[in-house]
Amino acid sequence: MSFSIIGTGKAVPEYVLTNDELSTMVETNDEWISSRTGIKRRHICKDETMTELCVKAANEALEDAGVTASELDLIICATLRGEYITPSQACVIQKEIGASCPAFDVNAACSGFIYAMDVADGFFARNRVDKVLVVALDNLSNIINWKDRATCVLFGDGGGAAVLSKGDGLKYIEINAKGDTDVLKCPRGENTSPFYNHESEHPYLYMNGPEVYKFAVTSMVRGIKKAIKEAGLTQEDIDWVIPHQANIRIIETAVDKLNIPSEKYIRTISEYGNTSGGSCAIALAECAKKHMFKKGDNIVFCAFGSGLTTGSCVITWDKD
Ligand code: UT7
C-alpha cells in the first residue's frame, strides 16, 4: 500500500505579464511566443514572496483534504531554489503552517512534483507516515535573465500542493536522471570565499532550447507509455494526462504519438507559462477544483527538466 491524493491546492502570483508587455521589454512578439510555445500570459511575483505562495497552496490542500497541519507526518517541498539556501523551503513552510513533522526539499526542477511523490512513496512503503504534504513550487522570475528573449518569455512563478494519505491510489511511479550541465542550468552565482580560485558564472537560467526540446519530446512519449504499461493498464484506460507544461508543441507531439484522445491532456500553459516544478501540481489542483476527476479515474503524469531529470506516474483518483 502506498498513498492516495486526498487534497490539492495551488497558488500563483496576482500580477500577470502578457506577451504584449514582454514585447516592450525584449525583441519579441505575441505571434512568435504563442505559435512557438502556446504561452499567452504568465504570473510573476511582485508583492508575494515565494513562502507566501507555498503557504497558500499548502493551506488550500490541507483544507481540501480535511487535514490539520498537526496531523502531518512529513513535508516535502519540490523546488529548485527555496527562499533561503538554508533552512529548506519545506522547513519554512512547516513553521508557517504550524506543523511539527520532519521537512526537507527535493531539487529535481520541472520533475520535482513527481520526484517528491516518489520519495513520499518510500516513506509510505516503510510505514513511517500516514499523511504527507507535498508542495511543488518555483519562483523562476528571480533567476531569469530578463534581457534574454530565448528564456524570459517561457517561464512563470507559482505551484501547487497535494496531501497524500495512506491508500492505493498510486499505481506506478518512476524517476530518472541524466546528469548534464550544458543544455539547462542556473549557476549559483557569487562565491564569497576569498580562497576560491574559480570565476563565478552569472546566476541566470540558461537553456539550449532546441536540445532540451528533443529530450523533452522523447522522454514525454516514452515516460507516459512506460508508466501506463507498468501500472498494468492500456492507453484506453487513461482518463487524464497531466504533462509538464513547457511548450504546447511538446504536448501536441505526445498527442500525435500516443493513442490517448487529445481532450484528455490537460493544458494550462497559455495562462501560466512554464512554472517548472509547479506545473503538474497547478494542473492537478485546477482540475480537482473544477471537479473534472471522477472516483476511479486513471491519471498519468509526466515531467522532464533540468538535471536532466524525468518522472512519470499513474495515480487513480480516490476522492469522491
Ligand atoms: O521545463 C524545462 C524544459 N524546457 C523545455 O522543455 C523547453 C524546450 N524547448 C522549447 O520549447 C523550444 O526550443 C523554445 C520555445 C525554447 C524555442 O523554440 P524553437 O522553435 O526551438 O526556436 P529556436 O530556439 O530554434 O529559435 C528560432 C528563432 C531564432 O532566430 P533565427 O536564428 O532563426 O533567426 C531565435 O533567435 O527564433 C528566435 N527567437 C525568438 N524570436 C522572437 C528565440 N526566442 C525568441 C523570442 N521572440 N522570444
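Does Ala109 count as buried or exposed, and at what relative accessibility? At 4% relative accessibility, Ala109 counts as buried. Here, buried means under 20% relative accessible area, exposed means over 50%, and partly exposed lies in between (1.4 Å probe, protein chains only). The model is predicted: local features need pLDDT of at least 70, side-chain atom pairs count only at pLDDT 80 or more, and totals for chains, interfaces and linings use all residues. Residues are numbered from 1 along each chain as its sequence is written, and side-chain values use heavy atoms, with hydrogens and water left out.

The backbone of Ala109 also stands out for its phi. This residue is not a glycine, yet its phi is positive, at about 50°. Ala109 sits in the loop between strand 5 (103–106) and helix 5 (112–125). Helices (H or I, at least four residues) and strands (E, at least two) are DSSP runs, numbered from the N terminus. His291 is another residue other than glycine with a positive phi, near 55°. It belongs to the loop between helix 10 (278–289) and strand 12. His291 counts as exposed, at 68% relative accessibility.

Cis peptide bonds were also examined. One runs from Thr86 to Pro87, with omega near 5°. Pro87 lies in the loop between strand 4 (74–78) and helix 4 (89–97). Another cis bond links Gly307 to Leu308, with omega near -5°. Leu308 is in the loop between strand 12 (298–305) and strand 13 (309–316).

The next topic is the ligand. It is surrounded by 23 residues, and the closest are Thr28, Arg36, His244, Asn247 and Asn274. A residue is near a molecule or strand if one of its heavy atoms lies within 4 Å of it. By type, the shell around the ligand holds 13 nonpolar, six polar and four charged residues. Ala, Val, Leu, Ile, Met, Phe, Trp, Tyr, Cys and Pro count as nonpolar, Asp, Glu, Lys and Arg as charged, and the others, Gly among them, as polar.

Several elements build this shell. Helix 2 (30–37), helix 6 (149–152), helix 7 (209–230) and helix 8 (248–257) each supply at least two residues. Helix 7 gives the largest share, four residues. Domain 1 (2–167) and domain 2 (173–316) each contribute at least three residues to the shell. The domain bounds come from an automatic or database domain assignment.

A side-chain N or O atom of Asn274 is 2.6 Å from an oxygen atom of the ligand. A polar side-chain atom of Asn247 lies 2.7 Å from a ligand oxygen atom. Gly209 takes part through its backbone: a polar atom there is 3.1 Å from a nitrogen atom of the ligand. On its own, the ligand has 960 Å² of accessible area, and the protein covers 72% of this. Accessible areas come from the Shrake-Rupley method with a 1.4 Å probe; for residues, only the protein chains shown count as cover.

Finally, the cysteines were checked. A disulfide is a pair of cysteine sulfur atoms within 2.5 Å. The count by this rule is zero. The sulfur of Cys54 has its closest cysteine sulfur in Cys77, at 4.7 Å, too far for a bond. Cys54 is buried, with a relative accessible area of 0%. For Cys280, the closest cysteine sulfur is in Cys302, 7.9 Å away, which is also too far for a bond. Cys280 counts as buried, at 1% relative accessibility.

Note on methods: A polar contact is a pair of N or O atoms within 3.5 Å; within protein, one must be able to donate a hydrogen and the other to accept it, and residues adjacent in sequence count only if both atoms are side-chain atoms.
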